[in-house]
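This briefing covers selected features of the structure shown below, grouped by topic for reading alongside the sequence and the coordinates.

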Amino acid sequence: MKQKKLKLPQWIFFLLQWFTDEEILASIEEDLEVRCIKASEKHGEILARFLCQWQGFSLLFSFSLESFLWGVTMFQNYIKVAFRHIKRRKVYSFINILGLTIGMACFLLIGLWVKDELSFDRFHQKKERIYRVLNRLSDDSTEFNITYALGPALKAEYPEVEEACRVCTWYGSHVRYQDNIYVERNIYLSDPNFFRIFSFPFVKGNPETALSDQYSLVITEQTAQKYFGKEDPMGKVLNLSQWDDDFTVTGVIENIPMNSHLRFDIMGRIEFLGEDRLARWEEWSGPNYILLQPDVSPEEFETKITDIYKKNVGPETAYVPELQPLTRVHFYEPGRPGRVRKVTMFSVIALFILVMACINFMNLATAQSSKRALEVGMRKVIGAQRRQIIRQFLGEAVLIAFFALILALIAVEMILPYFSQFTGKSLTLISDMNISLVFTLLLITLGTGILAGIYPALFLSSFRPAQVLKSQLFSKNRGSPIRKILIVVQFSISVGLIVSTFLVSQQLRYIQKKDLGLDRDHIIGLYVYPNFIPKFETFKNSLLNQPGIQDVTSAAQPPFRVGENIQINWEGNQTDQMISADYTCVDYDFFKTFEMPILQGRAFSKEYPTDERTACVINETAARRMGITNSVNTNIYMNHPAWPESFRSARIIGVVKDFHSRSLHTAIRPFVFRMYKPWHQYAFIKMKGSQVQKALALIKKAYKDFSPGIPFDYLFLDELFNQQYTSERQLGRLFNAFTFLSVAIACLGLFGLASFTVEQRTKEIGIRKVLGASNQRIAAMTTWEFLKWILLANLIAWPVSYFVMSKWLQDFAYKISIGPLVFVLAAVLSLVVALLTVSYHSVKIALSNPAGLLRDE
Amino acid sequence: MEVLSKIEEILLLAIWKLKENAYGISIREQVEKDTGVKWRSGAIYAPLNRLKKNGYVRTLKAKSSGEKGGRPRIYYQLTQLGKKKLITTQDVNESIWMGVPDLKNEFES
């Protein structure tokens, strides 16, 4: 035979492997060879090669057409059968689809929320290279308000730093354009390179040069609209009351997206804080951001700068700088993991709810197995292989998941506006549809379908056709242990969530009700600008003459919004350590207005003119930490770098009862009150509870008289206080909602399963009744069947939820103790709900006529 | 019960006729001889694959008779099920053709 130079198209054999087995392939190969050799003898090699390829295509075409047609036929059949089952078992299908819909809707909502949380600050182009510098203190906590001297020093000394900028959140100012005056609370101050580091898109102006002039401002589109309407904002002049100076708008940026932790309406130059303050290493003023050069490792750079405070502040300095990636800033809360934990918590809950819906599906699908057993048997007899049947049932599950997805999308779209408002985010789903989202949704659907369908598919496909077809009575207990385990899992999750919900709401109530050591009802805070302070005393007196006004005072901050930190030393200090304390500046009548009792000594008083210069009031904790039994008249020294040396010493004139100056996450710290009027920013006015509306009108009128043309901008202190716990309240409400849904899903499943079990035991119950069992006994028997598993679920859920919730409570310095009551309550609740769910069926069957039960064939 | 498709019938019959000597090439040649036309490979092997999957045909591996130089050749055989199918098909065919008025004579005349 002639040497075969003819090459067979190998790729065809490779592809044909998908459709057929080796043996047929061997036949094809042999045949093709012979054909090709013959062809080359007859027509020459070139044509033969062409013919050979052609045969290959023909083979591939025939095989793929064949398999496609076969697949389509089977797929049509699967879909037809699936629809038939959905229609025939309406209740089960309803429960399945409803459960999966709820599960997926929750999953989608929480998914959107989590995605938004994780997207914070990721829109900056240089995000990978931007870091915020934190101070890590000796007690391992971190602080992001650090010295403004650090940024420039890093930039000057280290070539690794491309840019450094400092950001100051200015409290507020009146801003005037021609005759319009508004109160602006979101004024930031920063360095000119701010817009080189962060990518806030400019609508007008140049990000490189926008802030190069000291008296320039960059504002958002929204702010521009507010002041200038349709006019071109560029070059317009705004007057800021804080510095009583004119500023020129040199840039307009797009409104800041919700997922930015830097949120400002107006951006000016940080130099207005004063050179001293910017250069002081000891004062902790605000955040510093640095942009590292590409390819600089942050870890290595961190080790390089460890000594920077020792060099500049003093060799005994105990804190070190630390780099925090920009994308982590949003999750940072001083001293506690906070949001990250919230994100994981909700992700877990979302997963739980979806899993519970899947469990429903599994339970109901396997419970119905006897209905499908015949079908499986028939398919197998006709020649279906096990994997085909698995594919069929998986396909059915995915189909139902797909229905659920469509319903869930509709539901989410309807809920989303409320959910967005509630979480303070702008979330969208369908309007932002893109390929990756579609892909994710399909993946979720497929995942859910497979998760829900895999166990039923494996279970149902394991039937032996001979057994199933021979005896119509299918052994009913098969698969039930797993079903019971699934119920236990479901109810464990539910009970765990119930316990957590109880504890979260208890803790929230505790916070709301806790005596803070100061009064916050019917008090308004009024923002006062520097020019107003000299007029304040007259303003106060004119108000006090009015009916409905109880007390008037002023201070630098509301008493529960104080974060300024100083070191204090005192006469007779036995140790060589100073203690760190919070401080604030207040006016006369401060303690009276907030009803803070003075335990020793006295409050600031006009009778002692020296009070304004040399007096201070401390809280109980400070007195205790100093270790002096009677601290009144002790001299203390406050290490505040911004104060002149002569002002740093003061005499204690009174001790005020402990109060919560920070949120209940942290323990009460030592506190010092002083009088220093130039720093006052708020007037606080206590009104009589019964006359709030009238008093407000009076205050407004008085304010207008004293500062004509300036808007009357005030806030209620109880609202301000509650804002501290927004995150907790959200957590509480979401917990309530998701717990409710999870219990609902679990009950749906239980309902379906109960109806099925009762149906299966119809004959047994009929016989029991004939033999004389009472209605109650029958009902009790069928009910107990389920209740014992729910009791078991309780036993599992208790320790787990105890463990998880005590972790959560650790975030609070002041917290409830976890008592046994919540667990008992959760148990009772779960049992009652389960009882109600099951009893519908058990009572129905117990009351029915045994003759009817036994005659069902 | 489903009836065999024409190509399935032709293939099964070809294998049956070839007895011990039914392998890829011989089957194709037999089919071509019976039908008098050339067949594409795909038109033969895809249905053959189906017949095997359905269990009408089984394969045997055997040394080929020389010319291929010891390379194993795959032989095909009918299974019991295949034979039963073929019998049913024959019955069906016979009943279809039964009582057909003399077609050829009428056509030619």
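In this predicted model, the axes of helix α1 (residues 6-18) of chain B and α3(B) come within 10 Å of each other and cross at roughly 80°. Angles from 65 to 115 degrees count as roughly perpendicular, and α1(B) and α3(B) are therefore described as roughly perpendicular to each other.

- On the α1(B) side the contact is made by B:I7, B:E8, B:L11 and B:L12, while α3(B) contributes B:P47, B:L48 and B:L51.
- By residue class, the contact of α1(B) with α3(B) divides into 6 nonpolar residues, no polar ones and 1 charged.

**Chain B as a whole**

- Chain B has 5 helices and 2 strands, and read along the sequence these elements follow the pattern α-α-α-β-β-α-α.
- Of the 109 residues of chain B, 28% count as buried.
- Among the contacts in chain B between residues at least 6 apart in sequence, 46% join residues that are at least 24 apart.

**Where chain B touches chain A**

- The contact between the chains involves 18 residues of chain B and 19 residues of chain A.
- On the chain B side, the elements that give two or more residues are α2 (24-35), α3 (41-54) and β2 (72-78), and the largest share, 10 residues, comes from α3(B).
- The residues on this side of chain B divide into 7 nonpolar, 6 polar and 5 charged.

**Nonpolar cores**

- The largest nonpolar core has 91 residues, and those with the most contacts inside it are A:M104, A:C106, A:I353, A:M356, A:A357, A:F361 and A:V499.
- Helix α11 (residues 339-367) of chain A gives the largest share of this core, 16 residues.
- Leaving aside neighbours within four places in sequence, A:V499 is in contact with A:A797, A:S801, A:M805, A:V822, A:F823 and A:A826.
- Another core, of 57 residues, lies apart from the largest one and includes A:Y527, A:A556, A:M626 and A:F684.

**A four-stranded sheet in chain A**

- An open sheet of 4 strands in chain A has the order β15-β23-β14-β24, with antiparallel pairing.
- Because β15 (549-555) and β24 (714-716) of chain A stand at the edges with a single partner strand each, one side of each is left without a neighbour in the sheet.
- Neighbouring strands of this sheet are turned by 25° against each other on average, direction ignored.
- Strand β14 (residues 523-527) of chain A is joined to β24(A) by 3 bridges, the two running antiparallel, and the bridge partner of A:L526 in β24(A) is A:Y714.
- Helix α17 (residues 536-544) of chain A packs on the sheet by touching β15 and β23 (682-687) of chain A, and its direction makes about 165° with that of β15(A).
- Helix α21 (residues 692-706) of chain A also packs on the sheet, touching β14, β15 and β23 of chain A, with a direction that makes about 145° with that of β23(A).

- A:L416 lies in helix α13 (residues 386-423) of chain A and is partly exposed, with 19 other C-beta atoms within 10 Å, whereas a buried residue needs 20 or more.
- Not counting residues up to four places away in sequence, A:L416 touches A:L427 and A:L429.
- A:L416 and A:L109 are 307 residues apart in sequence, and their C-alpha atoms are 7.6 Å apart in space.

Note on methods:
Residues numbered from 1 in each chain as written. Chains lettered and ligands numbered in written order. Predicted model: local features only at pLDDT ≥ 70, side-chain atom pairs only at ≥ 80, totals over all residues. Contact = placed C-beta atoms within 7 Å. Nonpolar A, V, L, I, M, F, W, Y, C, P; charged D, E, K, R; others polar. Core = buried A, V, L, I, M, F, W, Y, C linked by C-beta atoms within 7 Å. Buried ≥ 20, exposed ≤ 12 C-beta atoms within 10 Å, placed from the backbone. Pairing = 2+ DSSP bridges. Axes fitted to C-alpha atoms, helices over the stretch in contact; angles between N-to-C directions. Parallel < 35°, antiparallel > 145°, perpendicular 65-115°, else oblique.
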